Amino acid sequence: MSVLINIPDSAAPGEIIEIKLLIQHPMETGFRTGPDGALVPRDIIESVTCLYLGEEVFRADLYPAITANPFVGFHLRADTTGEIEFIWTDNAGVTSREARTLTVA
Amino acid sequence: MRRAIVFTVAFLLPGLAWSDDRRTGYDDMNADLQALQDDPMNPATFWVLDGERLWSEPAGTTAQSCADCHGSAEDSMQGVAARYPSFDESSGTAVDLLGRIALCQSRHQQTAQPRDRSDPDRLALLAYVTHQSRGLPIMPDEDPRLAPARARGEALFSSRMGQLNLSCAQCHDDNAGGYLAAARIPQAHPTGYPQYRLEWETIGSLDRRLAGCMTGVRADPFAPGSPELVALELFLKSRAAGLTVEALPIRP
């Protein structure tokens with residue numbers, strides 16, 4: 001499973017930047033049956049969080065109706081140079097992280 | 001009749017540019033879906049990246065990678081997807097690109113063959129190889145040994161099949177541009193396979209698309225990679241000669 005993150009490398013102080021996140025994930029609903037007729041177990045991302053300098057700036061809860069390979073986009077005001085961290089957790093409790101550095105000058 | 005003439009010209013003069021009224025699936029999509037396809041950050045990119053990784057990963061009992069023989073895919077695989085299906089010397093049959101990758105894996109890497117021809121790793125390799133032909137015109141292989149299979153594909157295209165007793169041509173030639181329920185009927189030019197279908201939520205090969213159509217007319221679909229499907233692809237590619245390869249496309 002990989003992730004594509006689209007974020008500018010640098011921004012002016014106070015600039016509103018757009019952050020786009022595309023996560024490779026099957027988002028299996030848990031309602032479908034497989035070829036053997038048995039239910040395919042649910043496998044979805046339940047939450048996506050973004051931390052800017054360690055502070056939570058964005059969070060989304062995801063549900064079974066969200067498409068596979070979900071796309072999440074949001075805006076952020078760039079104040080200070082620092083790390084932007086993305087954390088997403090699936091229904092089995094497995095957490096993935098990815099971080100980017102934003103330079104504000 | 002006019003379209004029949006266009007196709008005859010297309011068949012006799014493959015690779016030449018001409019003005020025509022052919023439309024690809026991309027032309028028929030709405031602006032939002034076109035924007036999704038044009039954005040490099042679309043879900044199909046995951047498979048291209050997976051394929052790029054697999055290209056240089058040793059596999060099989062010979063522990064060879066694709067790159068060991070073919071070098072950089074950017075150079076060696078450019079234009080390959082634009083001319084497939086091709087003729088395989090040792091089996092004496094036409095093979096599509098997915099079949100060629102499977103043959104390479106079994107002959108040169110000696111990998112254990114997955115039960116599913118469209119195994120995810122193999123599809124990712126197909127996606128990566130096809131990506132090297134993006135933007136190039138479809139140039140069907142002119143090897144004369146492919147002619148019988150291509151003629152068979154043309155015959156299959158206009159053969160009625162299934163409980164609905166419909167041929168490909170009845171929708172995709174006679175009624176292209178019309179609607180089947182809410183879906184626009186395309187002219188069936190295979191400009192971009194594999195493709196990411198929102199309906200599938202993953203990428204799939206032309207096999208899977210054709211099987212979907214055949215199930216739709218309530219026919220028993222040809223097996224993935226069967227000579228019939230390769231023949232159909234040969235005909236469809238010659239019909240689409242000169243159109244641009246999309247890699248990878250998004251479809252609804």
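This is a predicted model: local features need pLDDT of at least 70, side-chain atom pairs count only at pLDDT 80 or more; totals for chains, interfaces and linings use all residues.
Side-chain values use heavy atoms, with hydrogens and water left out, residues are numbered from 1 along each chain as its sequence is written, and chains are lettered from A and ligands numbered from 1 in the order in which they are written.

What is chain A built from? It has eight strands and zero helices (DSSP runs numbered from the N terminus: E, at least two residues, for strands; H or I, at least four, for helices). Its C-alpha atoms fill a box of roughly 60 × 20 × 20 Å along the principal axes. Of its 105 residues, 44% are buried, meaning under 20% relative accessible area with a 1.4 Å probe, protein chains only. Among chain A contacts (heavy atoms within 4.5 Å) with a separation of 6 or more, 54% join residues 24 or more positions apart.

Now hop over to chain B. The axes of helix α4(B), residues 45-55, and helix α9(B), residues 120-131, come within 7 Å and cross at roughly 95 degrees. That makes α4(B) roughly perpendicular to α9(B), a label for angles of 65 to 115 degrees; the axes are lines fitted to C-alpha atoms over the stretch in contact, with angles running from 0 to 180 degrees between N-to-C directions. Where they meet, α4(B) brings residues including W47(B) and L54(B), while α9(B) brings residues including L125(B) and Y128(B).

Terms used. Buried means under 20% relative accessible area, exposed over 50%, partly exposed in between (1.4 Å probe, protein chains only). Angles under 35 degrees count as roughly parallel, over 145 as roughly antiparallel, 65 to 115 as roughly perpendicular and the rest as oblique.
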